[in-house]
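Please keep the sequence and the structure at hand while reading.

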Amino acid sequence: MNNIKDTILAQSTPIGYGGIGIVRISGNKVKKISKIIIGKITKNRYATYLPIKNKNNIIIDYGIIIYFKKPNSFTGEDILEIHSHGGQKIIELIIKSIIKLKIKNVRIAYAGEFTERAFINKKIDLIQAESIKELIYSNSKNQIFSAIQSFKGKFSNKIKKIIKIIKNNLINIEKEINFSEKEINTNIVNNIKKKIIKIHRKIKKLYINTKKNLLNNNKNKIIIIGKPNVGKSSLMNFLTLNNTSIITNIKGTTRDIIKENIKINNKNFKILDTAGIHNTKNKIEKIGIKKTWKEINKSNIIIFIENSYKISEKNIIKYYKKKILNKIKRKKKIHILLRNKIDLTNEKFNIIKKKKYIILNISIKKKIGINKIIKVIKKKVKNKNNKSNFLTKKRHIKLIKLSLNNFKKIKKLIKTYYLNKKINLDLIYENLFETQKFLCEIIGKNKILSQNIIKNIFSKFCIGK
């Protein structure tokens with residue numbers, strides 16, 4: 001972890017030219033810096049128009065100065081924000097001028113260090129920190145809304161309520177362990193069981209919601225699948241309006257996942273071209289096919305392509321169910337089945353709508369019917385409710401799942417009592433305590449929280465945030 005005693009500064013607006021540029025300074029040397037470059041300490045939380053000077057009292061620029069007095073600031077420290085004109089050279093000159101003051105323990109901030117300090121100073125928890133990053137990098141309304149809900153504390157509060165219930169139960173179990181003079185009787189075990197079931201239900205409900213939200217947050221993901229040489233890469237190039245994928249008549253040209261971002265109906269989609277699914281002895285192709293199956297389970301829109309001369313309209317669904325759908329873990333997806341190369345079978349464009357499937361007879365090469373694929377995606381996604389309640393990350397789900405695993409152990413221990421009238425309250429306490437530890441790790445309240453987790457989260461922020 002970086003030295004929290006240092007005063008840090010950085011450009012908070014993007015590098016380049018714009019209407020304004022913002023330099024942010026945080027730490028215990030803010031007042032000293034302010035007196036030199038501004039000539040005074042401005043009124044707390046008031047915007048003041050003032051000249052910005054260097055150490056030689058030469059005016060660099062005029063701008064808006066805002067001072068945030070600790071602890072009521074984003075980082076919990078004194079913060080000074082300098083809103084200058086948006087020329088990149090001006091911003092760089094302001095930063096250099098502050099560094100040239102040579103005030104001890106004043107330095108340029110690392111990526112995400114302002115938000116990291118807000119977390120260390122308990123202004124935000126770890127979920128809220130993650131939601132800030134998500135807000136910055138959001139590319140859809142759904143991501144923005146779910147990130148805002150998390151920043152408001154919707155997810156954190158759910159976790160905190162469960163932690164509070166667990167703490168109370170730990171206290172009660174500890175009393176039974178330390179102060180119970182008699183043997184543990186059935187009434188005590190029944191009471192513990194009742195409370196354990198209640199906590200278990202709450203965590204299970206949370207697990208279901210977090211998994212659901214993860215799917216919603218990663219909703220618009222299109223994967224193109226099929227055998228080699230059916231037109232997957234050609235379709236990818238058409239949809240991305242670019243030569244993203246290499247096209248040859250050699251079997252197995254695409255051996256890895258190729259990803260691109262596209263926009264359909266003002267919504268952002270990630271589109272994936274994949275290795276052809278077929279039986280092969282080639283080790284590299286096998287790796288590519290394994291990755292394809294992994295991505296199929298993560299995607300919510302599957303575009304399956306087969307050559308029209310190989311399969312009829314009648315049999316394509318049957319084939320798809322047998323070869324693809326039966327191997328998919330999560331089957332609730334949008335399924336678009338394409339019979340390509342109808343120019344070779346002298347068929348006309350056709351679209352067949354079934355309950356769960358859309359079949360299109362097309363020719364990618366001759367551009368027959370391929371625009372209809374976009375229309376189908378637009379219509380299908382429009383009818384889906386993509387709204388998420390809060391932001392969810394894979395690490396959240398992993399830790400909640402670990403919590404649930406502890407309840408399996410606790411239930412076994414309680415079951416043992418009903419069989420032989422013996423119970424190990426110490427083990428129940430340990431498992432419940434470990435559950436609390438996992439939940440605390442989600443919000444960053446775990447005292448022995450791994451520094452790798454902290455580093456991993458905050459290093460992905462931009463400098464100045």
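The sections below describe a predicted model.

The model holds 13 salt bridges. Side chains of opposite charge can pair when their charged atoms come close. One of the 13 joins the side chains of Arg24 and Glu81, with 3.5 Å from N to O. Arg24 belongs to strand S2 (residues 18-26) and Glu81 to strand S5 (residues 79-86), so this contact ties together parts that are 57 residues apart in sequence. Arg24 has a relative accessible area of 10% and is therefore buried. Glu81 is also buried, because its relative accessibility is 13%, and the cut-off for buried is under 20%.

Glu130 and Arg395 also meet through their side chains in a salt bridge, here at 2.8 Å from N to O. This pair links distant parts of the chain, 265 residues apart: Glu130 sits in helix H4 (residues 126-137) and Arg395 in helix H13 (residues 394-420). Both Glu130 and Arg395 are buried.

A salt bridge of 3.5 Å, N to O, is formed by the side chains of Lys227 and Glu306. Lys227 is in the loop between strand S7 (221-226) and H8, while Glu306 is in strand S10 (residues 301-307); the two are 79 residues apart, and the pair links distant parts of the chain. Glu306 is buried, at 3%.

Some salt bridges share partners, and in this way Asp6, Glu77, Arg107, Glu113 and Arg117 are joined into one network.

## Helix H8

Is helix H8 mostly covered or mostly open? Helix H8 spans residues 232-240 and is mostly covered, with seven of its nine residues buried. The buried residues are Lys232, Ser233, Leu235, Met236, Asn237, Leu239 and Thr240. After H8 comes Leu241, which has a positive phi, near 55°.

## The positive surface patch

Helix H7 contributes the most, with four residues. An α-helix has 3.6 residues a turn, so residues three or four places apart point the same way.

## The nonpolar surface patch

A nonpolar patch on the surface is formed by Tyr49, Ile59, Tyr62 and Ile64, which together have about 390 Å² of accessible area. Which strand gives the most to this nonpolar patch? Strand S4 (residues 59-68) does, with three residues.

Tyr49 also belongs to the patch and lies in strand S3 (residues 47-53). At 55% relative accessibility, Tyr49 is classed as exposed.

Key: Residues are numbered from 1 along each chain as its sequence is written. This is a predicted model: local features need pLDDT of at least 70, side-chain atom pairs count only at pLDDT 80 or more; totals for chains, interfaces and linings use all residues. Side-chain values use heavy atoms; hydrogens and water are left out. Buried means under 20% relative accessible area, exposed over 50%, partly exposed in between (1.4 Å probe, protein chains only). A salt bridge is a side-chain nitrogen of Lys or Arg within 4 Å of a carboxyl oxygen of Asp or Glu. Patches are made of residues with over 30% relative accessible area and no salt bridge: like charges are joined within 9 Å, nonpolar side chains (Val, Leu, Ile, Met, Phe, Trp, Tyr) within 5 Å. Accessible areas come from the Shrake-Rupley method with a 1.4 Å probe; for residues, only the protein chains shown count as cover.
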